[in-house]
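Biologist: Can we go through this model together? I would like to start with the strands.

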Amino acid sequence: MSDIGTTANVDDVDESRRKFLTLATSATAAVGAVITAVPFIESWQPSERARALGAPVVIDISKLEVGQMITAIWRKQVIFVVGRAQSLVDKLSQNDATLKDKDSKKSIQPKYADNEMRSRRADVLVLIGICTHLGCLPKPFFDPGDPVLGASWPGGFRCPCHGSRFDLAGRVFDGSPAPTNLSVPPYSFKDQHTLVIGVG
């Protein structure tokens, strides 16, 4: 009788050990599969070289607020993504008399941005953030009447190198050394909160 009981206990121990070893082996295999998969999945993303050559850049704009700017890099160019207030967009025409190229006829933008606000949507401005004079990076001065630029300042950008000034559509003001407006890159919206630079 005691021999039978001992055999039963050994069988129970062997069964629990077998379950433990099976679980441990499965867990190790799962971890190994994840570690192996990460570089494989990352390989689906465009390489740095591909991005530099023009692969699209996806930007989450869900947290972009009015008066804020996100910067990104596309084709080795700085991209400005600006949240604009509708009230400032409505006042863009007030700048017309003081602009070099108010209708953007000599400037670069896709057909869908060939309008006064130079954008697909009034609330989001997308520009190549490189001054058309000598390639400096303009700085944001979004507040109208900014004390640095004076009470008549409508909001926009100013290049720190040679003083070129641009409104909130990227249009250059008279008296600026920059010959044309800031360029608009090709872009589209994947959805309400996802901007894709490089795909028009």
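Modeller: A definition comes before that: two strands pair if DSSP finds at least two bridges between them. Strands (E, at least two residues) and helices (H or I, at least four) are DSSP runs, numbered from the N terminus. This is a predicted model, where local features need pLDDT of at least 70, side-chain atom pairs count only at pLDDT 80 or more, and totals for chains, interfaces and linings use all residues. Residues are numbered from 1 along each chain as its sequence is written, and side-chain values use heavy atoms, with hydrogens and water left out.

Biologist: OK, what is the strand order in the open sheet of three strands?

Modeller: The order is E5-E6-E7, and the pairing is antiparallel. E5 (139-141) and E7 (165-167) are the edge strands with a single partner each, so one side of each has no neighbour in the sheet.

Biologist: How many bridges pair E5 and E6?

Modeller: Three, with E6 covering residues 156-158. Phe141 has Gly156 in E6 as its bridge partner.

Biologist: Switching to E4, why is it largely enclosed by the rest of the structure?

Modeller: Five of the five residues of E4 (residues 124-128) are buried, so the strand is largely enclosed. Buried means under 20% relative accessible area, exposed over 50%, partly exposed in between (1.4 Å probe, protein chains only).

Biologist: Which way do they point from E4?

Modeller: Val124, Val126 and Ile128 point one way, and Leu125 and Leu127 the other.

Biologist: And Arg121, buried or exposed?

Modeller: Arg121 is buried, at a relative accessible area of 17%. It lies in the loop between H3 (86-90) and E4.
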